[in-house]
Amino acid sequence: MYSTKLTESGIEPEFGPFGPAVLKPYSRTRFATDGRALLKVYVGIDPEGRRLREATTIERAALRGISVPTVLATGNGEGRSWTVFRTVAGKPCSTSTPEAAEEYIGHVMAVSDRLHRPTAGAAPGSGWGTPQASPASSRQFLLNQFSARCRCLPWWKVLAEALQPIDTHRVVHLHGDLKPEHLLVDGKRLHVVDWEACACGPAVLDYTDVAFHLVRDLLYEGVPAGHVPIDLLTRLPFSGPVLAWRLLLWLDRRRTQDIDLVSTHDIHRIAAEEQAASAYRSLAQVVEFLRAADVPR
């Protein structure tokens, strides 16, 4: 059991000293100079909720046979929410070559096999526990993640209607952010880190997040659209409406004006597509346009 009594002022002498901070949009991380611990400070969207979800879910994920980092201590103080993890060995997955991308997708499928097992009583919402105010449906859970301004935008009704079928999908446990850097390969062992986005919902949410990040990140790294491994992504379960939702959620969390760069036609085209390959190609076209418009990744 991890410590919840340690104050923030006690982190440094207990687990540090720590090196320079690595800055990310929603966290600040620092490695102990001896390499044995990692300090993560949550910032931005709901830092305290993310801290609690991650610490709790890591213990539950371990019970499913998933290798996760040990939580050494967690708490909040001086206006900051933080967790100290024991570092795990391993090299992050890569998508720099077709072979590396294929290996990454293989690891995603292996983790998902343990992660998405049937769970009695799971309700749509953030975290793996029973939400205090659970949305009535998976669709509502997804729509609730947008800022209030989106309800007034032209595409809102199109997306809301397109998402209705996911309410028939089984609700399972989700990691929420299975990006290559969150899967660490240590020989034949795979460690899964960064559980702060964990949730319950249809399994296709995890798979769509993987596909979205792969398409977007490769394009922003300068890979030509024709070289994005679309055929590889078609191995994953697919939902056009969820892919459209994931694109819009990314833009909603960027600069205020970025959400206005996509049209209702763009969203309908992706959401209505029944073939995964066509939908991913449409996504790539939109992302290329957004990259040219200098939308940050």
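This briefing walks through the packing, rings, cores and a few individual residues of the structure above. It is a predicted model, so local features need pLDDT of at least 70, side-chain atom pairs count only at pLDDT 80 or more, and totals for chains, interfaces and linings use all residues. Residues are numbered from 1 along each chain as its sequence is written, and side-chain values use heavy atoms, with hydrogens and water left out. The largest nonpolar core has 78 residues, and seven aromatic pairs turn up in the structure.

**Cores**

- A nonpolar core here is a set of buried Ala, Val, Leu, Ile, Met, Phe, Trp, Tyr and Cys residues joined through side-chain atoms within 4.5 Å.
- Buried means under 20% relative accessible area, exposed means over 50%, and partly exposed is in between (1.4 Å probe, protein chains only).
- Helix 6 supplies the largest share of this core, at 11 residues.
- Helices (H or I, at least four residues) and strands (E, at least two) are DSSP runs, numbered from the N terminus.
- Another core, of 11 residues, lies apart from the largest one, and Ala 37, Val 41, Trp 82 and Val 84 are among its members.
- As background, nonpolar side chains in soluble globular proteins tend to be buried together.

**Aromatic rings**

- Rings of Phe, Tyr and Trp (its six-membered ring) pair if their centres lie within 6.5 Å; planes under 30 degrees apart are called stacked, over 60 edge-to-face, and the rest tilted.
- The structure holds seven such pairs, one of them the edge-to-face pair of Tyr 220 and Trp 250, with 6.1 Å centre to centre and 90° between the planes.
- Tyr 220 lies in helix 6 (residues 204–220) and Trp 250 in helix 8, so this pair ties together parts that are 30 residues apart in sequence.
- Both partners are tucked away: Tyr 220 is buried at 19% relative accessible area, and Trp 250 is buried at 3%.
- Phe 146, Trp 155 and Trp 156 make up one aromatic cluster.
- Leaving out residues up to four places away in sequence, Phe 146 touches Trp 155, Trp 156, Leu 159, Trp 245, Leu 248, Leu 249 and Asp 252, where contact means heavy atoms within 4.5 Å.
- Arg 64 lies over the face of Trp 128, at 5.8 Å from the ring centre; to count, NZ of Lys or CZ of Arg must be within 6 Å of the ring centre and within 35 degrees of the ring normal.

- Helix 8 (residues 240–252) and helix 9 (residues 264–271) pack at about 140°, with axes 7 Å apart.
- Those axes are lines fitted to C-alpha atoms over the stretch in contact, and angles run from 0 to 180 degrees between N-to-C directions.
- Helix 8 brings Gly 240, Pro 241, Leu 243, Ala 244, Leu 247 and Leu 248 to the contact, while helix 9 brings Ile 267, Ile 270 and Ala 271.
- Ile 259 sits in the loop between these two helices and is buried at 2% relative accessibility.
- Not counting residues up to four places away in sequence, Ile 259 touches Arg 149, Leu 153, Trp 155, Leu 248, Leu 251 and Asp 252.
- The C-alpha atoms of Ile 259 and Cys 150 are separated by 8.5 Å, although the two residues are 109 residues apart along the chain.

- His 213 belongs to helix 6 and is buried, with a relative accessible area of 5%.
- Apart from residues up to four places away in sequence, His 213 touches Asp 177, Lys 179, Leu 218 and Arg 246.
- Arg 114 is in helix 3 (residues 98–115) and is partly exposed at 35% relative accessibility.
- With residues up to four places away in sequence left out, Arg 114 touches Arg 64, Gly 65 and Ile 66.

- Gly 16 and Pro 17 are joined by a cis peptide bond, with omega about 5°; Pro 17 is in the loop between helix 1 (11–15) and strand 1 (22–24).
- Asp 194 has a positive phi, near 60°, without being a glycine, and is partly exposed at 22% relative accessibility.
- Asp 294 also isn't a glycine but has a positive phi of about 65°; Asp 294 follows helix 10 (276–292) and is exposed at 53%.
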